[in-house]
Amino acid sequence: MHNFLKKRIGGKKQDDLVVQHEHTIIVDPAVAPTCTAEGLTEGSHCSICREVLVPQQAIPVTGHHYDATVTDPTCTAGGFTVYKCSACGDTYTADETAARGHTEVIHAAIAPKCTKDGLTKVVVMGNRKRLTIANIFPNIQIAVPQILLPL
């Protein structure tokens, strides 16, 4: 038996009135913490008098656990990193970088040989190869200045 609850009768506290009962236990379930909210341990209380028998304890927030996915910049588009929480899926984008722009590398001309035609130059830009063909056929006049070829 447990003493509890001093009732008020007619608006006045009656110190001599004590109700006795056996606790009827209600389990207060545990709540797991999340990235942004505290959790609680399991506890219990009496369903009649509401006395807390086993108090619930706070469990700290876990915080986000981000995995990074990097997208490198290209010649025409900037780069960035997407961060995604492995627990809750929250995402954000950061670490943005500018596009690299085209880098032009000019390779030397290839002189024609007796059995092989030559090239004026090869220009490599980003992920494409541009050939200047003005002198591929040195004995023929050609009006087409460039051809773009994928790598």
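Asp28 lies in strand E5 (residues 25-28), strands being DSSP runs of at least two residues, numbered from the N terminus. This is a predicted model, in which local features need pLDDT of at least 70 and side-chain atom pairs count only at pLDDT 80 or more, while totals for chains, interfaces and linings use all residues. Residues are numbered from 1 along each chain as its sequence is written, and side-chain values use heavy atoms, without hydrogens and water.

Visitor: Which side chain of opposite charge is nearest to Asp28?
Guide: Asp28 is buried, meaning under 20% relative accessible area with a 1.4 Å probe, protein chains only. Asp28 has no salt bridge, which would need a side-chain nitrogen of Lys or Arg within 4 Å of a carboxyl oxygen of Asp or Glu. Lys and Arg count as positive, Asp and Glu as negative, and His and the chain ends are not counted. The nearest side chain of opposite charge, 8.6 Å away, is Arg50.

Visitor: Which side chain does Asp28 join in a polar contact of 2.8 Å?
Guide: A polar contact is a pair of N or O atoms within 3.5 Å, one able to donate a hydrogen and the other to accept it; residues adjacent in sequence count only if both atoms are side-chain atoms. The side chain of Asp28 also reaches the backbone nitrogen of Ser44 at 3.5 Å. The side-chain partner at 2.8 Å is His45.

Visitor: How many aromatic pairs are there?
Guide: Rings of Phe, Tyr and Trp (its six-membered ring) pair if their centres lie within 6.5 Å; planes under 30 degrees apart are stacked, over 60 edge-to-face, the rest tilted. By this rule the count is 2.

Definitions and conventions
Helices (H or I, at least four residues) and strands (E, at least two) are DSSP runs, numbered from the N terminus. Buried means under 20% relative accessible area, exposed over 50%, partly exposed in between (1.4 Å probe, protein chains only).
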